[in-house]
Amino acid sequence: MGEFLNDYYNWFTQAVKALEYSVHGRVWEPPYKGLVVVGMGGSGIVGDVVYVLATEVLDIPVTIVKDFTLPKWVGEGWLMIAVSYSGNTMETLHVVKEGISKGVKAAAIASGGRLIELAVKEELPYIQVDSGYAPRSAFPALLLSTLKLLKELGLGLHNDLKNSINVLRNRERADALAEEVIKAVAGRIPFFIASTKYYPLAVRAKNEFNENAKVLAKAEVVPEWGHNDIVGWEGWREPVAAIVFKEAGNEIMKFVADHLKASGVPVKDLEIDGSDYVGDVLKWSQVVGIASVKFALELGIDPRVTKSISRYKAFLKSLLKLD
Ligand code: PA5
């Protein structure tokens, strides 16, 4: 079980390798009518991060699909990046096939499986990442490959990935921050709260605690938080903790943390530097990943095994009558 923790500690090495992956297949070229990023769970979170980067940089529509079908308005001339670590996720495969039939320019990131088979057959651009990880512990490989593939296809979203990955060098710091997160969430249901820009981190943290530690967790986004969730906290009685991703200089996030503290809620602030988005996302994803794995190990739970996801996937297979 400890090996799984090492997968997270070794994210710097994983990231260095990811920057060296080759792009196979053909290369699409802009202009694109829009960008759609497809994927579920530990692969799908890449789409959330790319969405934030792309909406700040690109002047075309960007959307994420975590479902079986595409919106009607995504079609010919759009670029699709499909991310599935296993390459066998039903929702993702279904959307890619639909996209190809609609004339979308599809591209893929996977460690193998049907998605790579499809990419080879259809001569799509793709990057094949190393196998042997759980999807969520392969996050640097999936994110960095996606950004690399996008750049190769003419949509550069980030200039200096080599510099961004340096945040993953300091595993002692990541470990110390993870211990602080564990202390904050022990015996409580964690509510991860972030601004829209850092919402992918809140979702990532929630998912990591769900999948690795097998606990309930919630992710909330600000400013929407200030229009509903804030009222729920008036009546907080449950054993809960607010974990607030607080980026430097964001007065609204400061208000969120101060308001909850004043209401007596146990609050843990996670300070985000804000100078490099990809660096921040990698750093804090590593911290919450380590925290969730250590939390599981302390409870004697195997963090790698996700029985219920396997059960859901088996159900989908029989429902969709696939072999
Ligand atoms: O982290 C996990 O194990 C899951 O959330 C998976 O990522 C999810 O089930 C989708 O599978 P895949 O990443 O192989 O497409």
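The model is predicted, with local features needing pLDDT of at least 70 and side-chain atom pairs counting only at pLDDT 80 or more, while totals for chains, interfaces and linings use all residues. Residues are numbered from 1 along each chain as its sequence is written, and side-chain values use heavy atoms, with hydrogens and water left out.

Q: What makes the set of 104 residues a nonpolar core?
A: A nonpolar core is a set of buried Ala, Val, Leu, Ile, Met, Phe, Trp, Tyr and Cys residues joined through side-chain atoms within 4.5 Å, where buried means under 20% relative accessible area, exposed over 50% and partly exposed in between, with a 1.4 Å probe and protein chains only. The largest such core has 104 residues, and those with the most contacts inside it include Leu-35, Phe-139 and Phe-245. Its largest share, 12 residues, comes from helix H12 (residues 277-298), helices being DSSP runs of H or I with at least four residues and strands runs of E with at least two, numbered from the N terminus.

Q: Why is this core said to lie between domain 1 and domain 2?
A: Domain 1 (2-163) and domain 2 (170-298) both give residues to the core, so it lies between them; the domain bounds come from an automatic or database domain assignment.

Q: Which residues is Phe-245 in contact with, leaving aside its neighbours within four places in sequence?
A: Contact means heavy atoms within 4.5 Å, and the partners of Phe-245 on that basis include Phe-192, Leu-201, Met-253, Trp-284 and Val-288.

Q: What makes strand E7 (218-222) and strand E9 (267-272) edge strands?
A: Two strands pair if DSSP finds at least two bridges between them, and E7 and E9 each pair on one side only. They belong to an open sheet of four strands with the order E7-E6-E8-E9 and parallel pairing. Within this sheet, strand E6 (residues 189-195) and strand E8 (residues 240-247) are joined in the parallel sense over five bridges, with Phe-191 opposite Ala-242 in E8.

Q: How do you know that E1 pairs with strand E2 (residues 62-65)?
A: Four bridges join E1 to E2, in parallel, against a requirement of at least two. One of the facing pairs is Val-36 opposite Thr-63 in E2.

Q: Why is the unit of E1, helix H3 (residues 41-57) and E2 called right-handed?
A: A crossover is right-handed if, with the strands pointing away from the viewer, the path from the first strand over the helix to the second runs clockwise; E1, H3 and E2 make a β-α-β unit of that hand.
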